[in-house]
Amino acid sequence: MISVEEALAHVLALAKPLPTEEIPLAQAAGRVLAAPVVAGRDQPPFAASAMDGYAIADADPQPGARYRVIGESGAGHGFSGTLNPGQAVRIFTGAPVPSGGKRVIIQEDVTRTSDEIRLDVRLDTGLHIRPAGADFTVGDQLSAPRCLRPTDLALIAAMNSATVTVHRRPRVALIATGDELVMPGETPGPDQIIASNTFALKAMAESVGAEGRMLPIAADQEAALQEVLHLAQDADLIVTVGGASVGDHDLVGKVAENMGLDRAFYKVAMRPGKPLMAGRLGGSAMLGLPGNPVSSIVCGHIFMLPMLRAMQGLPAQPPAHARAELTCDLGPNGARAHYMRSRLSPGTGLPRITPFERQDSALLTILTEADALLLRPVGDGPRKAGEVVEYLPLQPAAG
Ligand SMILES: Nc1nc2c(c(=O)[nH]1)N[C@H]1C(S)=C(S)[C@@H](COP(=O)(O)OP(=O)(O)OC[C@H]3O[C@@H](n4cnc5c(N)ncnc54)[C@H](O)[C@@H]3O)O[C@H]1N2
Ligand code: MOO
């Protein structure tokens, strides 16, 4: 058995960044930028009014002063002349400030009569002019790698890029194995259950930008498993679920090895998830997850998601841990790192964390209630309520 850290180093070594492609900006949310975006213009490209009002050539006008209105500057069509002392230009938000303009007086502070304005006695203090390039200037960059958020897309659009260069989405093939499994909606036989794990794993993969494809369930026969693994040949990552342990029907390692699997490791000192394997099968990375629902999903968080991020060019790094205050005493931990399904609650400084009583790796109901995995390192001693511990955040629990 190897440690979680060693296993992570192996799986991340299997996850090389995928080739890049150029895609339309409107389809780029959640994709990982592979090349920096460079601003081709200044924003704003001219000094622009921040308010509706009147531009004047005076930065510090006398309260009550009068000006003659000589023209208008609107967004998209500015005023081409020059402002001189004693003159004003009617101006609107986003419009270019005319040459000579020093300040915009908001229209609420002005009384207009025909083509003359009179300033109020009390004026607000702002100049209300956004200098050219206040947001960004030619050559400014949005650097890569970066997972593109909605706001990033607006910035890239403002920089005048219609496309972006991103890493290709990883193709993930998900294979459930076991004679006992049928798909949801089918009628299970008396000894059968419903395949569930791959639904979570597909959604998790897609949540970090991958394309998930669920392959047919593979029965516990070498030929059946081999056939389904063949269907996965074009995947960047093959994720099998089940058949990873030592039972007579646990065939995944054997069949994959017969097909040429270059196995990086088998068995990790962790709970849940001990019978985990990984390696390279043809052009694909392969992750063989244990079948117990919680084991496979926990391993998905710890190993699959970092692999998929690294394949998209993000830094190859383990999932980030956070810290919380324990609400109860815990006994000593054993020889495997324990990822305890837990619930977070607000604390005064750090959040508080409470592990569930029942930690069986078959209990999906508990995992759906959990929003954190409390991390008990190998050989960790007993812990007292109030101590600070590390955890891995999961998605917020429902409700
Ligand atoms: N003698 C030993 N037995 C077991 C060991 C061991 O070290 N020695 N390890 C145990 C641990 S820990 C785990 S985890 C499981 C993992 O075994 P497998 O990966 O071979 O998984 P299966 O036996 O195929 O299935 C285990 C369990 O999960 C259910 N399952 C499988 N796939 C799915 C799916 N897609 N959706 C829902 N449920 C699934 C399956 O029916 C079994 O109940 O081995 C222990 N045994
Ligand atoms: O490792 Mo198993 O995943 O403990 O149930």
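A residue is buried if 20 or more other C-beta atoms lie within 10 Å of its own, exposed if 12 or fewer, and partly exposed in between, with C-beta atoms placed from the backbone. I am noting that down before anything else.

**Ground rules**

I am working with a predicted model, where local features need pLDDT of at least 70, side-chain atom pairs count only at pLDDT 80 or more, and totals for chains, interfaces and linings use all residues. Residues are numbered from 1 along each chain as its sequence is written, and chains are lettered from A and ligands numbered from 1 in the order in which they are written. My helices (H or I, at least four residues) and strands (E, at least two) are DSSP runs, numbered from the N terminus.

**Entry: helix H3**

I began with H3, residues 197–207. Which of its residues are buried? I found Asn197, Thr198, Ala200, Leu201, Lys202, Met204 and Ala205 buried there. Then I looked up what covers them, counting two residues as in contact if their C-beta atoms, placed from the backbone, lie within 7 Å. The cover includes strands S15 (171–176), S18 (211–214) and S19, plus helix H6. After H3 comes Gly209, with a positive phi near 100°.

**Entry: H3 against H6**

Next I took the packing of H3 on H6. Axes here are lines fitted to C-alpha atoms, for helices over the stretch in contact, and angles run from 0 to 180 degrees between N-to-C directions. I got an angle of about 20° for H3 and H6, with the axes 10 Å apart. The two helices are therefore roughly parallel to each other (angles under 35 degrees count as roughly parallel, over 145 as roughly antiparallel, 65 to 115 as roughly perpendicular and the rest as oblique). On the H3 side, Asn197, Ala200, Leu201, Met204 and Ala205 make the contact. On the H6 side I listed Pro293, Ser296, Ile297, Gly300, Met304, Leu305 and Leu308. By class, the contact of H3 with H6 has nine nonpolar residues, three polar and no charged. For classes, Ala, Val, Leu, Ile, Met, Phe, Trp, Tyr, Cys and Pro count as nonpolar, Asp, Glu, Lys and Arg as charged, and the others, Gly among them, as polar.

**Entry: H1 against H6**

H6 (residues 293–311) also packs with H1 (residues 4–13), at an angle of about 35° and with axes 9 Å apart. Which residues meet there? From H1 I noted Val4, Ala7, Leu8, Val11 and Leu12, and from H6 Ile302, Phe303, Pro306, Met307 and Ala310. The contact of H1 with H6 comes out at 10 nonpolar residues, with no polar and no charged ones.

**Entry: the two ligands**

For the shells, a residue is near a molecule or strand if its C-beta atom, placed from the backbone, lies within 6 Å of it. I found 26 residues around ligand 1, of which Gly242, Ala244, Ser245, Pro290 and Gly291 come nearest. H3 and H6 each supply at least two residues of that shell. By class, the ligand 1 shell has 11 nonpolar, 12 polar and three charged residues.

Around ligand 2 I listed Arg271, Pro272, Gly273, Lys274, Pro290, Asn292, Ser295 and Ser361. That shell divides into two nonpolar, four polar and two charged residues.

**Entry: cis peptides**

I found a cis peptide bond between Arg271 and Pro272, with omega about 0°. Pro272 sits in the loop between S21 (270–271) and S22 (277–281), and Pro272 is also one of the residues around ligand 2. Another cis bond joins Gln43 and Pro44, with omega about -10°. Pro44 is in the loop between S3 (37–38) and S4 (48–49).

**Entry: positive phi outside glycine**

Ser114 has phi near 50°, positive in a residue other than glycine. I placed Ser114 in the loop between S9 (110–113) and S10 (116–119). Is Ser114 buried or exposed? It has 7 C-beta neighbours inside 10 Å, so Ser114 counts as exposed.

Asn160, not a glycine either, has a positive phi of about 75°. Asn160 is in the loop between H2 (150–158) and S14 (163–167). Asn160 counts as exposed because it has 11 C-beta neighbours inside 10 Å.

Val246 lies in the loop between S19 (237–241) and H5 (252–258). I have Val246 as exposed, with 8 other C-beta atoms within 10 Å. Asn258 lies in H5 and counts as partly exposed, with 13 C-beta neighbours inside 10 Å.
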